[in-house]
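Hi there,

Here is the structure I promised to pass on to you. Please open it beside this email, and then read on for what turned up in it.

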Amino acid sequence: MRTTAEHRQEGGPVRTAESAVEAIQREMTVFARRARASAGRMHPELSLVSYTLLGHLEESGGCRATDLAAHYALDKSTVSRQVAALERAGLIERRPDPEDQRVQVLQLTEAGQEILAQVTRRRRAAFRERLAEWPEDDLVRFAAYLERYNAGAEGIGAD
């Protein structure tokens, strides 16, 4: 961590560790609000939670609704409502688990794969545009910090 003198030399505001944590919390709240707001612009029928669940289903190759709830530290009823809406929209479907026929695994449909790819392209383009002026070193550092922060949140409830 930089000393106050080092930070002052770079022309940034002088912060204590406590004020830095407060700024991080405030800025992450703004980030989350913007992410929720922009989700509707990316695809009107696809909320940020729905987009996130579809992304996890794609990445995992399918899983149970209880696995989604556990992974995102969400209440099972919240996931159940989201899953029902995604099923009604034809974006996911339930299939028997090949290892245990009593268990239903959620998987993307072809339409779900197409919508997810479309929204992902739009989201990445929006991020690229927003970060276009950032030097590569800053982007690499920012990505590493976010990965480090999120890795430390494993098993912790919603922030």
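Let me begin with a term: two residues are in contact when they have heavy atoms within 4.5 Å. Among contacts in the protein between residues at least 6 apart in sequence, 45% link residues at least 24 apart.

A word on how to read everything below. This is a predicted model, in which local features need pLDDT of at least 70 and side-chain atom pairs count only at pLDDT 80 or more, while totals for chains, interfaces and linings use all residues. Residues are numbered from 1 along each chain as its sequence is written, and side-chain values use heavy atoms, with hydrogens and water left out.

Where pLDDT is low, the predicted coordinates should not be read in detail.

Now the overall layout. Helices (H or I, at least four residues) and strands (E, at least two) are DSSP runs, numbered from the N terminus. The protein has seven helices and two strands, and from the N terminus on they run α-α-α-α-α-β-β-α-α. Buried means under 20% relative accessible area, exposed means over 50%, and partly exposed lies in between (1.4 Å probe, protein chains only). Of the 159 residues, 22% count as buried.

Which residues of H5 are buried? They are Val79, Val83 and Leu86. These residues cover an arc of only 65 degrees around the axis (taken from the directions from the helix axis to the C-beta atoms), so they sit on the same side of H5. Their packing partners are helix H3 (48-60), helix H4 (65-72), strand E1 (92-97) and strand E2 (100-108). On the other side of H5, Arg81 and Arg88 are exposed.

The backbone on either side of H5 is worth a look too. Ala73, in the loop between H4 and H5, has a positive phi near 55 degrees although it is not a glycine. Most residues other than glycine have a negative phi. Ala73 is partly exposed, with a relative accessible area of 39%. Just after H5, Gly90 takes a positive phi of about 75 degrees.

Finally, the charged pairs. Side chains of opposite charge can pair when their charged atoms come close. A salt bridge here is a side-chain nitrogen of Lys or Arg within 4 Å of a carboxyl oxygen of Asp or Glu, and by this rule there are six.

- Arg26 and Glu27 meet at 3.7 Å, N to O; Arg26 is partly exposed at 44%, and Glu27 is partly exposed at 45%.
- Asp67 pairs with Arg64, with the closest N and O atoms 2.7 Å apart; Asp67 is partly exposed at 29%.
- Arg95 pairs with Glu93, with the closest N and O atoms 2.2 Å apart; Arg95 is partly exposed at 34%.

Enjoy exploring!

Best wishes
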